[in-house]
Structure formats: C-alpha cells, structure tokens
Amino acid sequence: MKKTVSIHLNGLIFNIDEDAYMVLSSYIDELKAYFGSKEEGYEIINDIEARIAELFSEKIKPSKQVISLHDVEEVISILGRVEEICGEAGEKRESGFQDKEQRSKRKLYRDQELRILGGVCSGLSAYTGINLLAIRIIFMVLFLFSAGFMTLVYLVLWLIIPKARTVAERLEMKGKDINISNIENTIKEEYQEVKSRFREMKRGNNFGNKLENAGKGFVQGLNAFFKVFGKLIGASFIALGVFLTFILAFGLFASSSEFFIFEIAGANMLPVPYVLKLFAGTTTAYVFLIALAVVVFVPLLSLIYSGVSILFNLKSMRALNISLLVLWISGLAMLIAVSVSISTRFISNGEITQKSHITHHPQSTLYLSMNHSMPFDNKLEHISIDEFHLIRNENKLTAFGTPELNIQQSPDSSLYYEIQRVARGSNKTDASKNASQIRYNYSINDSAIVFDRYFKLPESFSIRFQSINIKLVVPEGKLMYIDKTVFEILDTDNNYPVSEAIFESGYYMMKNEKLLPVVKE
Amino acid sequence: MNMDTERTNSQMRKGILEYCILLIIEKNEVYVPDIIEKLKASNLIVVEGTLYPLVMRLKNSGYLSYQWKESTSGPPRKYYSITEAGKNLLADLDTMWTELSNTIESLKNNQTS
C-alpha cells in the first residue's frame with residue numbers, strides 16, 4: 001500500500017505516488033529556478049509541464065492508474081535534468097543560481113556514492129559544505145580518543161539519518177548551512193514565490209483583491225514565524241536533551257560503582273551505583289541500573305532525535321519510533337520488576353533480644369560510661385549519613401552505626417539490660433539472621449557498664465536498616481553516675497526532663513519514670 | 001574528453017543548436033519532442049529540456065511562431081513553424097555556415113598536404 005497524491009498538469013488530473021510526487025515537484029522547482037521567474041520562464045515551464053502531462057498520459061493504462069517513481073524518473077530522463085540541459089545548451093550554471101535553487105530544500109542524508117561505511121561523513125560533508133576529508137579526519141581522531149563513545153555516535157547517526165535514495169534526495173542533500181540569515185532568505189524566497197503565483201492566479205481569474213492579497217501575506221508571515229519558531233524549538237530540544245543526558249549520565253552511571261566520595265553543593269555524596277550495590281547486591285544493582293538507564297535515556301534520546309529532525313528536516317522514521325517505545329516499555333517493566341524484587345528483601349522485620357540481669361547492692365552506684373574511641377581514623381575516606389558511617393580502609397569497607405540507649409524505671413527492684421538487634425530481611429528468618437550479624441560490644445565490670453560508641457556491620461554487608469536498641473531498666477531511686485559521653489547515644493525523644501544543655505557528667509536517678517539529676521553534697 | 005575539449009565542444013554546440021532547430025522547422029511544422037528525434041542521431045543533444053528555452057528564445061525574437069493543434073493523445077499541442085524573419089535568419093546562417101565549413105575544410109587540407 002502506498003499513499004498517492006492527486007495533481008493536475010496542463011488541465012489533466014493524475015494520481016501519483018507520494019515519493020514520485022516529491023521527486024517530480026523538486027524537479028519542477030529546479031527547472032523553475034533555472035529558467036527564472038520572468039515571463040519567458042513561465043512559458044517554458046508551462047510547455048514542459050504540458051509535455052510531462054502528455055508523457056504521463058501515455059503511462060496510464062486501465063491496469064495502471066497511478067504514476068510511479070519509475071515513471072517520473074523516466075520522464076525526467078527524457079526531458080533532462082537541469083545539469084544536462086545546462087551542459088547541452090553550452091552554459092555554465094551560475095553559482096548564484098545554484099544557491100537559490102538549493103537553499104529552500106535542504107536535508108541531511110547519508111551520501112551513498114562517496115561512502116566508506118554508512119555514508120555519514122559524506123552526508124555531513126554535503127550538508128555542511130565542509131571538506132569531506134576534513135570531516136573524516138575529525139571523525140577518525142574522535143574514534144581514537146573517545147574510547148568508543150564516537151563509535152556509538154556514529155552508529156546512532158547511521159541509524160537516524162536516512163540515505164539519499166532518489167536523485168531528488170541527493171539534490172536536497174547538497175546545500176548551504178542552516179543559519180538565521182539563510183532561514184530568512186528561504187522564507188523571503190518562498191514568500192516571493194507565493195506572491196508571484198498569486199499574481200499569476202489573479203491574472204487568470206479576476207476575483208483576486210487586495211484583501212485576499214493581505215490575507216495571503218499574513219498566512220505566509222505566520223508560516224515564516226512558525227518555521228523559525230520550529231527551528232528554535234528543535235534547537236532547544238537538542239540542548240535540553242543533551243544537557244539532561246550528561247547530568248543524568250554523570251549522576252547515575254559515569255561516577256562508577258566504586259567507593260568514591262564527591263561533593264555537590266557542600267554535601268558529600270556517593271555514586272548512585274555504589275549505594276545501590278549496598279542495598280541490593282552487585283548483580284541486582286546492575287540490572288536495576290540498566291533498566292533505569294533505558295527508562296531515563298530513551299525519552300531523552302527521542303527528545304534529541306526529534307530536535308534533530310525538526311532542525312534538519314529529517315524524515316521521521318516510524319520503525320525507529322516504535323522500537324524506541326517498545327524498548328522503553330520493556331525497560332519500565334524490568335525496572336518495576338527489579339524494584340519489587342529489591343523491596344521484598346526489606347519486607348520482614350527481625351529482632352534478637354538478649355537480656356541480662358545485673359546483681360547489685362541497692363546502695364551501690366551504677367557507673368555508666370562509654371568507650372568513646374573512634375573505631376576508625378578520621379583521616380580515612382569516610383562518609384556519614386545521620387548516625388551511619390561508611391569507612392574505607394585499603395579497599396575494605398566497614399559500616400558503623402550508633403546504638404540507641406533507653407533508660408527506664410523498673411517495676412520492682414531488679415536491675416537488668418536488654419540488647420536488641422534489629423534488621424530487615426525477605427522473611428522472619430532472614431531478617432533475624434541479618435540482625436544476629438550485627439556486632440556490638442560493651443563491658444560490665446561489677447557495677448560499671450561501658451558501652452561501645454558504635455556497632456559494626458559484618459564484612460560484605462548489605463544495608464538492611466540494621467540498628468541496636470539498648471534498654472537499661474533501673475529500679476526507682478537507684479543512684480547512677482552517668483558520664484556525659486553516654487548522652488550521645490541516649491534516646492532523647494523519651495520523656496527525660498533534662499535538656500541537652502545540662503547533659504553533664506554527674507549523678508542521676510530514676511524517679512516517677514523520669515531521669516533526674518541528683519545534687520550531691 | 002578533457003576539460004578543454006569539453007568547453008570548446010559546448011561552445012560550438014551553443015552556436016550550432018539554433019541553426020539546427022531552424023533547419024528542422026523550415027521543412028515542416030514541428031512539435032518540440034519531434035525535434036529531438038532528429039538531433040539524437042547526431043548526439044548533439046539527448047534531452048528535450050534543452051530545446052524548450054531555445055525554441056522559446058527564437059519564438060520571442062520573432063523567428064518562429066506557433067499554433068495549437070489537436071492531438072490524438074491528450075490535450076492540444078504547440079506546433080512551431082518558421083516566420084519570414086526566421087527564413088531570413090536561416091539564409092544568413094546558411095551563408096555563414098558554408099563560409100565556415102569552407103574555411104575549416106581548406107585549413108584542414110592545407111595542413112595535411
């Protein structure tokens with residue numbers, strides 16, 4: 001199935017295939033540009049159109065109603081291309097005329113005649129007017145120094161730039177640079193063309209009037225406006241697409257999956273792939289990232305592509321659009337699947353509680369202090385998120401967290417503590433296993449308890465929201481000496497009457513469920 | 001053909017083409033596509049497009065005139081015929097051509113002998 005266009009030539013109506021129409025109309029435009037727009041030129045064009053009509057009607061048979069591309073090419077070979085006509089008339093094409101003819105319709109194609117690989121360079125050369133050899137050298141240099149990136153660019157160009165198949169497309173391919181002054185010229189030219197066509201029409205039938213003329217001019221102006229506006233939109237699509245691609249590519253991927261701290265706006269950051277690995281494990285993290293890349297970059301690439309299409313009048317390629325859409329949807333499906341799979345690893349909560357009684361004399365004092373020594377050297381590479389620290393020492397990564405201490409009042413005279421390890425997992429057992437792997441040390445010596453400042457995750461850990469809750473249950477009135485360092489891990493959300501300002505080393509006791517400072521004389 | 005012969009060739013053609021067209025049209029009324037048949041043999045021109053501007057120039061200078069004639073296939077066609085002015089021009093060109101070819105011939109003969 002092919003789309004046809006209906007045209008009339010010298011009073012006869014023809015149905016003509018769309019591709020054939022494109023070639024024919026550019027051929028006629030070419031002739032018009034060559035013969036000029038004076039009286040004589042019109043007459044020549046009319047004669048030639050009449051001849052084309054005659055040749056076409058010879059092609060039409062009851063079994064063949066449509067003029068094909070082949071027919072058009074045959075007719076053109078009988079009448080001759082502009083170059084042949086020039087040659088036979090013993091004239092040289094003036095360079096000015098060449099510009100005029102080629103400025104209006106210029107598209108980026110791959111040049112198959114001068115190609116080495118896909119004809120991308122030769123096409124670009126024809127399009128930009130830059131020497132072909134220079135473009136090839138630039139491409140070669142980029143190939144060598146861009147570590148494969150240029151190969152990708154080349155392949156993408158190969159994919160999105162259509163090849164010049166017909167003679168008309170080859171003509172469209174050669175032209176001048178698109179810049180504002182050329183766009184302006186093109187618009188002026190088209191405006192002139194419409195004006196002269198309109199004048200012709202007015203001469204033919206007498207209902208043309210000034211109002212109509214003005215209307216036409218307005219429509220033409222509007223067209224011109226949208227043309228320039230469209231190019232601007234195209235350019236901004238490209239700029240936005242490229243900008244976002246670079247930002248996201250850096251943010252998501254380029255920063256590698258290694259431990260590497262960088263600073264953005266004063267905040268320490270870790271590369272997304274690395275953080276993802278900590279949550280999901282290496283394989284899943286990569287699958288997730290690939291899916292994410294497809295979901296993020298396919299729309300950006302189509303944005304850039306549509307910008308390029310607008311700017312360079314590329315034909316839109318349906319197959320490419322559909323395959324991009326399919327790719328995007330599968331990426332999205334994969335992303336959802338992986339996200340669900342990752343989230344199931346966090347679905348259950350597991351905890352292991354260890355309860356120990358402390359034998360004590362009611363009159364003795366309980367000493368609470370903290371082993372405050374940092375388990376890591378501040379000079380090492382480290383990053384802290386809230387109370388969670390990641391430290392790297394000679395390629396070994398360690399994670400430290402801060403436990404939380406709760407001091408509560410005992411209902412009787414018993415004194416005990418509970419160490420609760422909490423973690424998440426795909427099920428109860430998994431979660432409990434994860435919880436049991438948290439390492440936390442403290443020491444009890446008579447009535448002195450020394451808490452470690454940090455708990456540690458096992459080697460080759462995954463983040464499962466591990467935490468340690470310490471509950472110290474003290475009978476009412478029990479005297480305690482609390483070192484001020486202990487307040488660093490004390491759960492201040494609990495209803496302690498003491499504000500952080502008066503967290504000083506000193507004596508405290510539980511009274512009416514509250515931790516109160518004791519003034520000792 | 002090298003560049004020089006090509007350039008000379010196209011300049012020679014340019015002068016001769018109009019003469020050829022007048023010669024053909026002098027015999028009888030012609031339709032532009034018919035002219036090409038006669039010229040193709042000499043390899044002088046091969047595409048019809050070349051003829052339209054030439055015929056148009058001759059017509060606009062008053063050497064040719066045309067009239068519409070019904071055709072068996074499709075719409076009426078423009079048939080060209082030579083005018084009095086055209087005949088005069090042709091006579092001048094004939095003389096010029098004879099002189100030219102005589103000159104060329106004698107030059108060639110002198111050279112060989």
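**A close look at the packing**

Modeller: Happy to! Let us begin with one residue, Val72(A), which touches Ile16(A), Ala20(A), Val23(A), Leu24(A), Phe56(A) and Ile67(A), leaving aside residues up to four places away in sequence. Please keep in mind that this is a predicted model. Val72(A) belongs to the largest nonpolar core, a set of 54 residues. Val72(A) is listed there among the residues with the most contacts inside the core, together with Ile52(A), Phe56(A), Ile35(B) and Leu39(B).

Now step back to chain A as a whole. Its secondary structure comes to 15 helices and 19 strands. The chain has 521 residues, and 42% of them count as buried. Take the contacts in chain A between residues at least 6 apart in sequence: 68% of these join residues at least 24 apart.

Helix H6 of chain A, residues 120–128, has eight of its nine residues buried, so it is largely enclosed by the rest of the structure. The buried ones are Val120(A), Cys121(A), Ser122(A), Gly123(A), Leu124(A), Ser125(A), Ala126(A) and Tyr127(A). Just after H6(A) comes Gly129(A), with a positive phi of about 80°.

Next, look at how helices pack on one another. Two packed helices are described by the angle between their axes and the distance between the axes. Start with helix H12 (residues 272–280) of chain A and H13(A), whose axes come within 7 Å and cross at roughly 130°. That angle makes H12(A) oblique to H13(A), and the crossing is right-handed. On the H12(A) side, the contact is made by Pro273(A), Leu276(A), Lys277(A) and Ala280(A). H13(A) brings Thr282(A), Thr284(A), Ala285(A), Phe288(A) and Leu289(A). By class, the residues of this contact of H12(A) with H13(A) are six nonpolar, two polar and one charged.

H13(A), residues 282–312, also packs with helix H14 of chain A, residues 318–344: their axes come within 8 Å and cross at roughly 150°. Here the angle makes H13(A) roughly antiparallel to H14(A), and the crossing is left-handed. The contact of H13(A) with H14(A) has 19 nonpolar residues, six polar ones and no charged residues.

Finally, two loops deserve a glance. Most residues other than glycine have a negative phi. Asn10(A) has a positive phi, near 50°, and is not a glycine. You will find Asn10(A) in the loop between strand E1 (4–9) and strand E2 (12–17) of chain A. Its relative accessibility is 36%, so Asn10(A) counts as partly exposed. Phe465(A), again not a glycine, has a positive phi of about 50°. Phe465(A) sits in the loop between strand E15 (455–456) and strand E16 (467–475) of chain A. With a relative accessible area of 49%, Phe465(A) is partly exposed.

Conventions: Residues numbered from 1 in each chain as written. Chains lettered and ligands numbered in written order. Predicted model: local features only at pLDDT ≥ 70, side-chain atom pairs only at ≥ 80, totals over all residues. Heavy atoms only, no water. Axes fitted to C-alpha atoms, helices over the stretch in contact; angles between N-to-C directions. Helix = DSSP H or I, 4+ residues; strand = E, 2+ residues; numbered from the N terminus. Parallel < 35°, antiparallel > 145°, perpendicular 65-115°, else oblique. Left-handed = near helix turned anticlockwise from the far one by under 90°. Nonpolar A, V, L, I, M, F, W, Y, C, P; charged D, E, K, R; others polar. Core = buried A, V, L, I, M, F, W, Y, C linked by side-chain atoms within 4.5 Å. Buried < 20%, exposed > 50% of the residue type's maximum accessible area, 1.4 Å probe, protein only. Contact = heavy atoms within 4.5 Å.
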